[in-house]
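Thank you all for coming. I would like to walk you through one protein chain, going slowly enough that someone new to it can follow along on the screen.

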Amino acid sequence: MSNILTMAKQEIREIVAPMKFHSYREYYYRVVNDVVQTFNILTRHGDCTCHFGILPLSHVKMRQWDGDFNLNLIDTKLNSNLGQRYRPGLAEELRSLLAYYDRNDPDTFLPAARKFKIRLEDYLLPLFRNTETPETAYESLRSLSLKRYFDADESTDFIIHFLLMMHRYEEASKQLQAAIACGEESIRTIWEGYSDQELAQKNIKDIKFHLTRYNELLDKTEERDAEWLDNWLLDLQRQGLCILKLKEKDVIRSV
């Protein structure tokens, strides 16, 4: 662990502990009302910043213990390169989380770590406090995320999961229909664009697997089968807790 990372972890300990964040190396995460909030500390290129994400517990899919930590979340890096891709005004907020240091000058490490703590406390932790329910998390993501994540033809699982958690079945149906249409279009594109037929068939098989799941979900959603859908989400949430090495008691519930 680099000195700057060690210092950053030490600096933020007192502000993340009361929120019951769990940590693994440079990664932090907590589960609140089946919403996963996560961030990591990035210190590789002369700036101390982070990626952060908010997603349903039911969407947690992978954790690799060899050092790669992947929660399938929107990788939102808090730096100045995102200005043109984000809604007006957000770029300045994100840029303020950068804390620069000189990799060749250890005297710059601690000031950068302390600045990072201040920026984290001023911006990111309040965001997490305001996204502790599926409703607030979903609406916040609609505001914060790259627009393409919410375009009708680029539906993603975590959007659908949030809508199903909130029993917003009509909106979930539209997202599922968009996902199915996108998958079917991908199959046509693969047949037309791949010269390697074996690879094409493999990719098509993967897409058809997801389409089968989407179609089943669409049927249950249009039937408004709340019991089936709630149980389906609950099974995925249990898997998510296992992947995160957490137990039900580690989930923070609203009173």
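Before anything else, a term: a residue is called buried when its relative accessible area is under 20%, exposed when that area is over 50%, and partly exposed in between, using a 1.4 Å probe and protein chains only. Please keep in mind that this is a predicted model, in which local features need a pLDDT of at least 70 and side-chain atom pairs count only at pLDDT 80 or more, while totals for chains, interfaces and linings use all residues. Residues are numbered from 1 along each chain as its sequence is written, and side-chain values use heavy atoms, with hydrogens and water left out.

Let me begin with the chain as a whole. It has 8 helices and 6 strands, where helices (H or I, at least four residues) and strands (E, at least two) are DSSP runs, numbered from the N terminus. Read along the sequence, these elements follow the pattern α-β-β-β-β-β-α-β-α-α-α-α-α-α. Of the 255 residues in the chain, 49% are buried. If we take contact to mean heavy atoms within 4.5 Å, then among contacts between residues at least 6 apart in sequence, 61% join residues at least 24 apart.

Now to helix α7, which covers residues 197–222 and has 26 residues. From its first C-alpha to its last, α7 reaches 36 Å, close to the 38 Å expected at 1.5 Å a residue, the expected span being 1.5 Å times one less than the number of residues. Which residues of α7 are buried? They are A200, I204, I207, L211, Y214, L217, L218 and T221. As a general point, an α-helix has 3.6 residues a turn, so residues three or four places apart point the same way. After α7 comes R224, whose phi is positive, near 55°.

I187 counts as buried because its relative accessibility is 13%. Leaving aside residues up to four places away in sequence, I187 touches I204, I207, K208 and L211. I187 and N203 are 16 residues apart in sequence, and their C-alpha atoms are 8.3 Å apart in space. Also in helix α6 is Q175, which counts as buried because its relative accessibility is 12%. From Q175 to L163 there are 12 residues in sequence and 9.2 Å in space, C-alpha to C-alpha.

Another buried residue of α7, Y214, takes us to D157 in helix α5. With a relative accessibility of 9%, D157 counts as buried. The side chains of D157 and Y214 make a polar contact at 2.7 Å; a polar contact is a pair of N or O atoms within 3.5 Å, where within protein one must be able to donate a hydrogen and the other to accept it, and residues adjacent in sequence count only if both atoms are side-chain atoms. Not counting residues up to four places away in sequence, D157 touches H59, K61, R213 and Y214.

D157 is also among the residues lining the second largest pocket, together with S58, H59, V60, K61, H161, R213, W232, L236, Q239, G240 and I243. The elements giving two or more residues to that lining are α5 (157–165) and α8 (226–243), and α8 gives the most, with 5 residues. By type, the lining residues divide into 4 nonpolar, 5 polar and 3 charged, where Ala, Val, Leu, Ile, Met, Phe, Trp, Tyr, Cys and Pro count as nonpolar, Asp, Glu, Lys and Arg as charged, and the others, Gly among them, as polar. On a 1 Å grid over the protein atoms alone, a pocket is an open set of points where a 1.4 Å probe fits, with protein on both sides within 12 Å along at least five of seven lines, and lining residues have an atom within 4 Å of a point.

T38 lies in strand β3 (residues 35–42) and is buried, because its relative accessible area is 3%; its side chain reaches the backbone oxygen of Y28 at 2.8 Å. K20, in the loop between α1 (3–16) and β1 (22–24), has a positive phi near 60° although it is not a glycine, and K20 counts as exposed at 56% relative accessibility. H167, in the loop between α5 and α6, also has a positive phi near 60°, and H167 is partly exposed, with a relative accessible area of 38%.
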